[in-house]
Amino acid sequence: MADSAEEIRVALIGVGNCASALVQGRAFYAGVGVSKPGLQTVCLAGYLPEDIVFAAAYDVDARKVGLDLSEAIFAPPNCTTRFVESLSSSRCVVRPGFEIDGIGPVPARTPEHKRFLPIENVYTGLEEARRAIVAELKGARVQVVVNFLPVGSNRSARFYAECALEAGCAFANAMPALMARDMGERFRQAGLPYLGDDVKSQVGATILHRALASLFRDRGIPIKRTYQLNVGGNTDFLNMKDEARLESKRRSKTEAVLSQLDASHMDPDGVYIGPSDYVSWLNDRKICFLRVEAEQFGGVPMEIEIRLSVEDSPNSAGVMMDAIRAARVALDRGMAGPINDACAYLFKSPPVQLDEQMARQLFRRFVTEAAPPGTA
Ligand SMILES: NC(=O)c1ccc[n+]([C@@H]2O[C@H](COP(=O)([O-])OP(=O)(O)OC[C@H]3O[C@@H](n4cnc5c(N)ncnc54)[C@H](O)[C@@H]3O)[C@@H](O)[C@H]2O)c1
């Protein structure tokens, strides 16, 4: 069957909470985007949320593999809010992925419904897995591969990016495997777009902290010390209890804020940013405690404290909807490599960091300059 010109065929790598919010959001906003609140971009260069088609999905959890995507997104340990009661079958069955470093250790006595339950690898090795997944991506006519693997899955993220490259797909990296520069270059050489790394939530801890940092900078008040402590109860937070897996996330979040600061007046150890603990009963709710200490006029001290409480996964889904549509626009326009005009607005660790206002301007220009679908 021929694909419609407006269709954006997506493969999901990891059917966790972020995938759940994205799949639900696609149904929630289908046909009525303008009249429902919460969508960052209704029509992106002619593409609507309902143009996104989930053509393939991969996971390694025994409770998800083999299910239709519309059911797998509600299987444990997913715990994000169900905001769409009934989803029709997506006709996309979750296929077994290839596990390298996606599943980290979890604290003993973590109940089964709160942690991953991995299947045995169905492939004998990397080469066999790569060949099979590339063939499946091609068979499903996937255009954009979206990476939702757990933090710390750096080798797995590269494995799936290689599969996307070989299958001729664009790649949108929602997680902090920081590879936009080197892998992005490989995508450029292959004539394919790359978007990443580590999606910025719509109104989350990072954007709030960046806004505060630039407010202080613009108003001439140097920040001396700041912290951002985050707690949550989903598998993302459970996984990040393992400090060894956390390094890239901490770096990504810290640099996103530091890039907005005039650091010349800061204490040498004046910044602490990162996921800080796992509280099981919070489920997909994330609480962020943010503190800024600064010196106002005359060197007189001042401070701000903010507490943000937000459902974590829906907070990133609208931004990933923009990233997916931007990837398709880039494909339409024959653009390759990291799409800088979109990355700085949508991701915490883009190849080039910009202040929020400039990032937004460039993204809007990218969106409006793009030819409408079918005309490129
Ligand atoms: N607001 C947000 O929620 C937000 C913001 C920025 C970045 N992120 C990042 O996005 C990523 C996804 O977040 P999430 O909350 O959906 O995580 P999650 O833990 O709910 O889901 C991860 C999924 O990946 C699967 N998986 C693990 N190894 C795999 C493999 N080798 N192949 C295929 N699937 C595999 C797991 O079984 C699970 O279903 C995380 O890295 C997170 O840090 C999330």
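Modeller: Start with the sheet. It is open and has four strands, in the order S8-S7-S9-S10. The pairing is mixed. Keep in mind that this is a predicted model.

Look at the edges next. Strand S8 (271-278) is at one of them and strand S10 (301-311) is at the other. Each has a single partner strand, so one side of each lacks a neighbour in the sheet. How far are neighbouring strands turned against each other on average, direction ignored? The answer is 10°.

Now take one pair. Strand S7 covers residues 223-232 and runs parallel to S8. Seven bridges join these two strands. To find the pair by eye, go to Gly232, which stands opposite Tyr278 in S8.

Helix H9 takes in residues 312-332. H9 touches S7, S10 and strand S9 (285-295). The direction of H9 makes about 90° with that of S10.

Step back to the domains. Domain 2 is residues 205-312. Domain 1 is made of two stretches, 8-200 and 313-369. The C-alpha centres of domain 1 and domain 2 are 25 Å apart. Across the boundary, 32 residues of domain 1 are in contact with 29 residues of domain 2. Which element gives the most to the side of domain 1 that touches domain 2? It is H9, with three residues. By class, that side of domain 1 has twelve nonpolar residues, twelve polar ones and eight charged ones.

H9 turns up again at the ligand. The largest share of the shell around the ligand comes from H9, which gives four residues. Helix H1 (17-28), strand S2 (52-59), helix H7 (235-239) and H9 each supply at least two residues of this shell. There are 35 residues around the ligand. Those that come nearest are Gly14, Gly16, Gly97, Gly102 and Met175. By class, the shell divides into 16 nonpolar, 13 polar and six charged residues.

Why does the ligand's shell lie between the domains? Domain 1 and domain 2 both give residues to the shell around the ligand, so it lies between them.

H9 gives the most to the side of domain 1 that touches domain 2. H9 also gives the largest share of the shell around the ligand.

Methods
Residues are numbered from 1 along each chain as its sequence is written. This is a predicted model: local features need pLDDT of at least 70, side-chain atom pairs count only at pLDDT 80 or more; totals for chains, interfaces and linings use all residues. Two strands pair if DSSP finds at least two bridges between them. Axes are lines fitted to C-alpha atoms, for helices over the stretch in contact, and angles run from 0 to 180 degrees between N-to-C directions. Two residues are in contact if their C-beta atoms, placed from the backbone, lie within 7 Å. Domain bounds come from an automatic or database domain assignment. Ala, Val, Leu, Ile, Met, Phe, Trp, Tyr, Cys and Pro count as nonpolar, Asp, Glu, Lys and Arg as charged, and the others, Gly among them, as polar. A residue is near a molecule or strand if its C-beta atom, placed from the backbone, lies within 6 Å of it.
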